[in-house]
Amino acid sequence: MMNRTDLSFYRGKRVLITGHTGFKGSWLCRILVNAGAVVTGYSLEPPTNPALFDMCGLEGKMNSVIGDIRDSEHLKEAFAKAQPEIVLHLAAQPIVRDSYKNPVYTYETNVMGTVNICECVRQNACVKSFLNVTTDKVYENKEWVWGYREDEPLDGYDPYSNSKSCSELVTHSYKNSFFNDMDVAVSTARAGNVIGGGDFANDRIVPDCARASFAGTPIVVRNPHSTRPYQHVLEPLAAYLMIAKAQYEDKKYQGYYNVGPDESDCVTTGRLVDTFCEAWNKVSDKKASWINKYDGGPHEANFLKLDCSKLKSTFGWKPRWNFDEAINRSVEWYNVYDNNGDVAACMDRQINEFFG
Ligand SMILES: NC(=O)c1ccc[n+]([C@@H]2O[C@H](COP(=O)([O-])OP(=O)(O)OC[C@H]3O[C@@H](n4cnc5c(N)ncnc54)[C@H](O)[C@@H]3O)[C@@H](O)[C@H]2O)c1
């Protein structure tokens, strides 16, 4: 198998992406539209203001359907019209803190949303490849130092993480009960924290860095000592596209895959912010700096390390951009944005360099 994702495979393929108006979804749409895929998106309006989706120049190049994943009739209608061969499910309420504020909505979206998309896959024989995007937080966190493997128990702690564990279980049941007897391959991908240009979500560290740097104010860091696995957004997206292609061509590649960075790219938030400030200060006149303000927020699981041996041995996959590169690319994008530059062109440059 190849490590380089062969994007030419996607030329002319009908692909349906849920959550296309989000951070990862916008990058994914841009990659697929550039590759010549026939892309349909189904999701709510972009979750942030400003929103990457609105600035990455996809109008007229894909079919964007605005709808709620909980609205099964509307989803079915959009799905039946699109007749996708490949389905990538990203729509979710993805913020841990928001899941404490609104657990019911989080479960409805992340669990019933998965049931609804699985139903569409079950009822439309056009689908050959289905990938459910979950998270590294799906595992029961044993607070140990070893990397979690794909066969470890699933039982996320907070409502977000736990709803994603449930989303995994829903997928497993649909696979066993229906998809195994159909001509459709199904996988889940459990990825870690991603960073990259164009994320404007609240309560995520790189967008927090960018917002403060635009304003020329210090970045407020809640927990500089917590370690997280950071990877550039293009890393998991390339892995999703690699898995979706491989299982489309041969069902034996379907499975459950961890997608994470190498251990050296698991860094503390303090190091991340230092690296961001250093990179930002090289390209901008507005000086970036940060202050430590631990605010004692709700429980967030300690660092949970992924063992990505399965993805590596199955596909010969390895991460392409290390942590410093991922920060540099993020800073490059936010600086273009801050100077009213062409962010879509910046995305294309980064996509071409990454996949080239
Ligand atoms: N960003 C990360 O670090 C990260 C890490 C691991 C996994 N993930 C997963 O990747 C996926 C995408 O995350 P993201 O960072 O792009 O998040 P995001 O918030 O930027 O995007 C979420 C998308 O889901 C859509 N959505 C939310 N609720 C919906 C609903 N009820 N009906 C229809 N659409 C709805 C939004 O409109 C948006 O398009 C999510 O499934 C998330 O759990 C993200």
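## Close-up views of the ligand site and the sheet

View 1. Ala92 places a backbone N or O atom 3.3 Å from an oxygen atom of the ligand, a polar contact being a pair of N or O atoms within 3.5 Å. At Leu90 a backbone N or O atom lies 2.8 Å from an oxygen atom of the ligand. A polar backbone atom of Leu44 is 3.2 Å from a nitrogen atom of the ligand. The model is predicted: local features need pLDDT of at least 70, side-chain atom pairs count only at pLDDT 80 or more, and totals for chains, interfaces and linings use all residues. Residues are numbered from 1 along each chain as its sequence is written, and side-chain values use heavy atoms, without hydrogens and water.

**View 2. The shell around the ligand.** The ligand is surrounded by 29 residues, each with a heavy atom within 4 Å. The closest are Thr21, Phe23, Ile69, Tyr160 and Lys164. By class, 13 are nonpolar, 11 polar and five charged. Strand E5 gives the largest share, three residues.

**View 3. The open sheet.** Seven strands pair in parallel in the order E3-E2-E1-E4-E5-E6-E10. Strands are DSSP runs (E, at least two residues), as are helices (H or I, at least four), numbered from the N terminus; pairing takes at least two bridges. E3 (63-66) and E10 (256-259) stand at the edges with a single partner strand each, so one side of each lacks a neighbour in the sheet.

**View 4. Strands E5 and E6.** Seven bridges join E5 (residues 129-135) to the parallel E6 (residues 185-191). Phe130 stands opposite Val186 in E6.

Definitions and conventions: A polar contact is a pair of N or O atoms within 3.5 Å; within protein, one must be able to donate a hydrogen and the other to accept it, and residues adjacent in sequence count only if both atoms are side-chain atoms. Ala, Val, Leu, Ile, Met, Phe, Trp, Tyr, Cys and Pro count as nonpolar, Asp, Glu, Lys and Arg as charged, and the others, Gly among them, as polar.
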